[in-house]
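Subject: A structure for you to explore

Hello,

Here is the structure I promised you. Please open it next to this email and follow along as you read.

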Amino acid sequence: MSKTALITGVTGQDGAYLAKLLLEKGYDVHGLVARRSSDTRWRLRELGVEGQISYHEGDLADACSIQRAVIKAKPDEIYNLGAQSFVGSSWDQPVTTAVVDGIGVTHLLEAIRQFAPQTRFYQASTSEMFGLIQAERQDENTPFYPRSPYGVAKLYGHWITVNYRESFGLHASSGILFNHESPLRGIEFVTRKVSDAAARIKLGKQTELRLGNIDAKRDWGFAGDYVEAMWLMLQQEQADDYVVATGVTTTVRDMCKLAFEHVGLNYEDYVVIDPQFFRPAEVEVLLGNPGKAERKLGWTPKTSLSTLIEMMVEADLRRVGKE
Ligand code: NAP
Ligand code: GDD
């Protein structure tokens, strides 16, 4: 019999890739969708899966809607990908971020505990929890030191997941994922901002790219690879926590170089440093050690940063070209 999965954040980057993966595996896929005044399903259309998902209206801040979705969908697996996920906005909306990214996790875990204790649960935790890094390469045993309201909220989400596993025996896993990108990435995140700008500048539709701290370093992978790790976590007999990363870190500056070189341009001729894009507290460097995911899940990243950036720039060239 086919399995049923409920994905919160199904309209986001990871939600779209995960929905596609689960549909390919024969799952009955349900998605929680928050009420918005404009269309949010464009990523699902891009991947050709919009019509294959059962939608439940709900918001992670609203416990009633979460309970209703869990009771109606009767999922074997829940993937909690919904979040206010932009670090920069978390200083402008710290309370919303805390409620959605933190308390929202408890709403789901409580619904599982009360109505569906056999349901397996995945929590979308983040390398932002490492923040001011306490080890050169971060793994599951590295102490956390979040540097943004987003990181703080996600740390609560991580620990409440661990706590419900230990308190009530729930099959609840926390995936500590490092940055992962794709052509479906939101335009506010730096890789997509850069790929879009490289395409626009190449096509004569933009003249400069304004960025913040280009010396920051991130461990960037491809979202399509990372959703496989999420699924693998829920197929294990025991729930656990896993770091998912490439094990390579690159500056924003070198990522820009890759994007602009792909269209035959020199990033230094176009990038302008603008103080408005610096953060109140920065995460200067992230570098993950995915050894446990490799050993226990048999997961390895397949896509290099240069391939990923090429994929993103090519998609933006096609899109901007049609505008
Ligand atoms: P994303 O593209 O920003 O998607 C976020 C999703 O959450 C969207 O579907 C959004 O719905 C939904 N959402 C926002 N507020 C909600 C609310 N109050 N109730 C219900 N749903 C809500 O993020 P992503 O890159 O796919 O990331 C997926 C998850 O992984 C997030 O939890 C993120 O924090 C975490 N994460 C991401 C990365 C990364 O590098 N991508 C790394 C580590 C962890 P709308 O479409 O309606 O806005
Ligand atoms: N967004 C943005 N815009 N970032 C910039 C810019 C700019 O103009 N200029 C420099 N940066 C730097 C940021 O200061 C940060 O150090 C780095 O680029 C990456 O920023 P983002 O792409 O916004 O991602 P993030 O690392 O803050 O957060 C993402 O990854 C986390 C995992 O580590 C998000 O996807 C989070 O949801 C996720 O948890």
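Let me begin with a definition: two strands pair if DSSP finds at least two bridges between them. Strands (E, at least two residues) and helices (H or I, at least four) are DSSP runs, numbered from the N terminus. What you have is a predicted model, where local features need pLDDT of at least 70 and side-chain atom pairs count only at pLDDT 80 or more, while totals for chains, interfaces and linings use all residues. Residues are numbered from 1 along each chain as its sequence is written, chains are lettered from A and ligands numbered from 1 in the order in which they are written, and side-chain values use heavy atoms, with hydrogens and water left out.

**A strand to start with**

With that in hand, look at strand E6 (residues 172-177), which pairs with E11 in the parallel sense over four bridges. Within E11, Val-244 is the bridge partner of Leu-177.

In a regular strand, side chains alternate between the two faces of the sheet. Strand E11 (residues 241-244) has both faces covered: Asp-241 and Val-243 on one side, and Tyr-242 and Val-244 on the other, are all buried. Here buried means under 20% relative accessible area, exposed means over 50%, and partly exposed is in between (1.4 Å probe, protein chains only).

Gly-247 counts as partly exposed because its relative accessibility is 24%. Gly-247 and Pro-301 are 54 residues apart in sequence, and their C-alpha atoms are 9.3 Å apart in space.

**Ligand 1**

Which residues come nearest to ligand 1? They are Thr-11, Asp-14, Ser-85, Tyr-150 and Lys-154, out of 24 residues around it. A residue is near a molecule or strand if one of its heavy atoms lies within 4 Å of it.

Now for some polar contacts (pairs of N or O atoms within 3.5 Å; within protein, one must be able to donate a hydrogen and the other to accept it, and residues adjacent in sequence count only if both atoms are side-chain atoms). One oxygen atom of ligand 1 is 3.0 Å from a polar backbone atom of Gln-13, and an oxygen atom of ligand 1 is 2.8 Å from a polar backbone atom of Asp-14.

On its own, ligand 1 has 900 Å² of accessible area, and the protein covers 88% of that. Accessible areas come from the Shrake-Rupley method with a 1.4 Å probe; for residues, only the protein chains shown count as cover. Helix H1 (13-24), strand E5 (120-126) and helix H5 (149-168) are the elements that give two or more residues to the shell around ligand 1. The largest share, three residues, comes from E5.

Asp-14 has another partner too: its side chain makes a polar contact of 2.6 Å with the side chain of His-180. His-180 is in strand E7 (residues 180-181), and it counts as buried because its relative accessible area is 10%.

**Ligand 2**

There are 25 residues around ligand 2, and the closest are Ser-85, Thr-126, Ser-127, Tyr-150 and Arg-279. An oxygen atom of ligand 2 is 2.5 Å from an N or O atom in the side chain of Tyr-150, and an oxygen atom of ligand 2 is 2.6 Å from an N or O atom in the side chain of Asn-179. For Val-190, a backbone N or O atom lies 2.8 Å from an oxygen atom of ligand 2.

The protein covers 96% of the 710 Å² of accessible area that ligand 2 has on its own. Helix H6 (190-202) and strand E8 (209-211) are the elements that give two or more residues to its shell.

Why does ligand 2 lie between domain 1 (4-180 + 222-244) and domain 2 (186-219 + 248-286 + 303-321)? Because both domains give residues to the shell around ligand 2. The domain bounds come from an automatic or database domain assignment.

**One last stop**

Finally, find Lys-74 in the loop between helix H3 (63-73) and strand E4 (77-80). Most residues other than glycine have a negative phi. Lys-74 has a positive phi of about 45° although it is not a glycine. Lys-74 counts as exposed because its relative accessibility is 63%.

Enjoy exploring!
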